[in-house]
Amino acid sequence: MKAKTLGIIGGMGPAATLDLFYKILKATPAKRDQDHIHIIIDDFPQIPDRTAFLLGKGENPLPYILKSVKTLEKANVDVLCMPCNTAHYFVEDIRKATPLPFISIIESTLNTIKRSFENSKNIGLLATDGTIIGRVYHNIFEVERYRIITPIEEKQHEVMKIVYSIKAGKMEENVQAFEEIIEHMKFLGSELVILGCTELPILLKYFEPSLPVIDATSCLAKEIANFATGR
């Protein structure tokens, strides 16, 4: 079977796109360069802020996302993905706009939890305000009878500060605040926590969380590697 060429709708943000690329490399069973997946990345950071739009404060990012889809179609990719959880609010619009298969980070995360945590039904979610307001995880997970737990308002403000701080290139200085938020999620009854913003898993290299965490980016990377290599 011919290996697939992957197109990544990237730039939301650039560091998260780089993190996905690295995790795809790690997830691919390659013994030489030629065993790796052919990947074309459209790093398009000018896509307007997804959360700002969902809060009624910014430009609609969908036309920009669809422009990226068309760019990747012209590059003859076989399958698409997008390392931005909040942008998955538009997943059905994307799927309607292209004949190409689209691998969802949300569905990949759900599949991982079903396989590895079959008895855990109380799922903490750390994500942007846009992902939460847009019910990007809620709509899919609640159908499967999971309970999604989100931080209280004060802690959610801290999550957003951390996300935008990482986008600004600040990493280690966010670790302590992030550890406290993980503890807060445990206090709220979370059996595990989804890192449902592609900036957040970047912090995992700096500390060991006290609760099982699901790196949504890694879930997507593994699903891509399996699909593209025909496993």
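Helices (H or I, at least four residues) and strands (E, at least two) are DSSP runs, numbered from the N terminus. With that naming in hand, let's look around this structure.

It's a predicted model, where local features need pLDDT of at least 70 and side-chain atom pairs count only at pLDDT 80 or more, while totals for chains, interfaces and linings use all residues. Residues are numbered from 1 along each chain as its sequence is written, and side-chain values use heavy atoms, leaving out hydrogens and water.

**The sheet**

Start with the open sheet: 4 strands sit in the order β5-β4-β6-β7, with parallel pairing. Two strands pair if DSSP finds at least two bridges between them. β5 (147-149) and β7 (213-215) are the edge strands with a single partner each, so one side of each has no neighbour in the sheet. On average, neighbouring strands are turned by 30 degrees against each other, direction ignored. Axes here are lines fitted to C-alpha atoms, for helices over the stretch in contact, and angles run from 0 to 180 degrees between N-to-C directions.

Zoom in on β4 (residues 122-126) and β6 (residues 192-195): 4 bridges join them, and L125 has I194 in β6 as its bridge partner.

Helix α5 (residues 105-116) lies across β4, β6 and β7, at about 160 degrees to β6. Helix α10 (residues 216-228) touches β6 and β7, and its direction makes about 50 degrees with that of β7.

On a 1 Å grid over the protein atoms alone, a cavity is a set of points where a 1.4 Å probe fits but cannot get out, and a pocket is an open set with protein on both sides within 12 Å along at least five of seven lines; lining residues have an atom within 4 Å of a point. A volume is the space filled by probe spheres set on the points, which are joined across faces, edges and corners.

| Largest pocket | about 150 Å³ | α4 (91-97), α5 and α7 (138-143) |

The pocket's lining includes H88, Y89 and R135. In the largest cavity, the lining residues closest to the centre are R50, C84, T86, T128 and K167. Which element gives the most to that cavity's lining? That's α8, with 3 residues.

Conventions. Contact = heavy atoms within 4.5 Å.
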